[in-house]
Amino acid sequence: MSQGKKKKTTEESPKVITRYEKRMAKRQQAAKEEAKEKKISAVVLALAVVALLGLALFFPIRNYMAIHGTYLRLGGESVSRLEYDYAYNNAKNNYINQYGSLLSYMGLDVNKDLADQQYSEDLTWADFFGQMAVENMRRERALNGLAKEAGYSYDASREVELQKQGLEETAALLEVSLSQYVRQFYGTYATMGRIEPLLSKSVQASAYYKHMQREQVPAGEEIEAYYAENTDSYDVVDYRMEMVSAVLESESPTEEEISKAMEAAKAQAQTGLDTVASEGEAYKAQAKDGMNTLIRDWLFEAGRKAGDTTLVEDTAGRAYYVLAFEKKYRNDAPTHNVRILATDAQTAQELEALYAAGGQSEEDFGALVARHSEDVASLSEGGYYEGLVAANMGNEEMTAWLEASRAAGDVKGFQEEDMAYLLYYVGQGQPEWYYAIQDILSGESMNTLVSQAVEKVEIQTVQGGWKNMAEEISEETAVAETATVETAAETTVESR
């Protein structure tokens, strides 16, 4: 057996402490106490400094977390509080702009805290806009994901710059700085530099959506088949009409006075049945949608033929309509396809002169749109618009120019109060009804494709981040339904 350390079998003798050692020990102890006091003083001072600087330290940390931290995850990607606020404010502002004066009827006061106002039994308005924001972000990520898979790319810099200019102009009108307006419009943590990448992502998603739409255009046979099943929605009618109003002597007539006046109006209207077809006011190419509900059913009734006449009573309006039907048909008048460049007057004049010199193509014009146009909506399409109706241009000169005999490649500039427009004529387009059906069918196809892509962008909440109220409501409903089923089961067992 090997031998290890020797084990002590006797206690050591006590050491004798000299007076020198006692003095040294006393000094060491004093030094320790002094050091301890200094350490405590240092800690107290440090705490005092932290207390004084606490707010200053807190805000940079909070800002950093808002910009770089994770507020929720979408499709596995981190979403910061900055991006969420950007999407939230976009959703809220777009909704408010869309519904405007109707908001009060919806129970929404934009001057009060949205978290204190109920959108529904389960959601506040703040919850509602939060859900909308997250769905918009899911959709944007889905579209950009599809674009990446397809190898599609789009330079969003021009559109982002135009949007920035728009923000600067609005801030100037409101007499606030750009940074102040950006914070007000997009959230506490927003700056122009921070939101530019977010603007770029939104522009790219929108551009790819338009690209997809072009690829989802239905065949002409599909459009014709849809028309055949919905002729009343796309046909138009020509008819003549006279209106005979009841004559009332008093501003507050009695029921008896109204009845007599309506009888007199009816008698007069009946005399017009023989003349309305030739003397009544003519109405041409009138669509059912938007037509007076009192007369449209008669005009679009199956079997209606030229020369048919009738009287229609308007009780609320205290009048009679005398109608003469002429014809019902599909309006196959062609529309116009053009490229439009919106810019300042000087640039428009210079570019118009360039095209007047010749040698410029439609493709060249599209490139000019990308460089010079201020119409954000059409930049990704090279300013291309199809299916324009001349009468609906809102500019008499444009209407006259389109209605004249145009040839592909014609270019013309038009000046309005605050903008100049340069139009490049591409050619005649399909009838208006054709594009209306095309939009419906391609819209259905697009909804299916985008919805399938959005479903793959899963929502993941994180502690201290966004609360998915829809999920919580769903879980509460499931729990309540389960409890109801269990209670019903227990009741059934007990009854047995």
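The model is predicted. Three strands form an open sheet in the order β2-β1-β11, and their pairing is antiparallel.

**The sheet**

- Strands in a sheet pair through hydrogen bonds of the backbone, in a parallel or an antiparallel way.
- The edge strands are β2, residues 77–79, and β11, residues 459–461, and each of them pairs on one side only.
- From one strand to the next, the twist averages 30°.
- Strand β1, residues 72–74, runs antiparallel to β11, and three bridges join the two.
- In this pairing, L72 stands opposite T461 of β11.

**The helix across the sheet**

- Helix α3, which covers residues 125–150, lies across β1, β2 and β11.
- The direction of α3 is at about 40° to β1.

**The helix pair α4 and α6**

- A pair of packed helices is described by the distance between the axes and the angle between them.
- Helix α4 spans residues 157–173 and helix α6 spans residues 192–215; their axes come within 9 Å and cross at roughly 130°.
- Angles over 145 degrees count as roughly antiparallel and 65 to 115 as roughly perpendicular, so α4 and α6 are oblique to each other.
- The crossing of α4 past α6 is right-handed.
- On the α4 side, the contact involves E159, V160, Q163, K164 and L167.
- On the α6 side, these residues meet M192, I195, E196, L199, S200 and V203.
- By type, the residues of this α4 and α6 contact are six nonpolar, two polar and three charged.

Note on methods
Residues numbered from 1 in each chain as written. Predicted model: local features only at pLDDT ≥ 70, side-chain atom pairs only at ≥ 80, totals over all residues. Heavy atoms only, no water. Pairing = 2+ DSSP bridges. Helix = DSSP H or I, 4+ residues; strand = E, 2+ residues; numbered from the N terminus. Axes fitted to C-alpha atoms, helices over the stretch in contact; angles between N-to-C directions. Contact = heavy atoms within 4.5 Å. Parallel < 35°, antiparallel > 145°, perpendicular 65-115°, else oblique. Left-handed = near helix turned anticlockwise from the far one by under 90°. Nonpolar A, V, L, I, M, F, W, Y, C, P; charged D, E, K, R; others polar.
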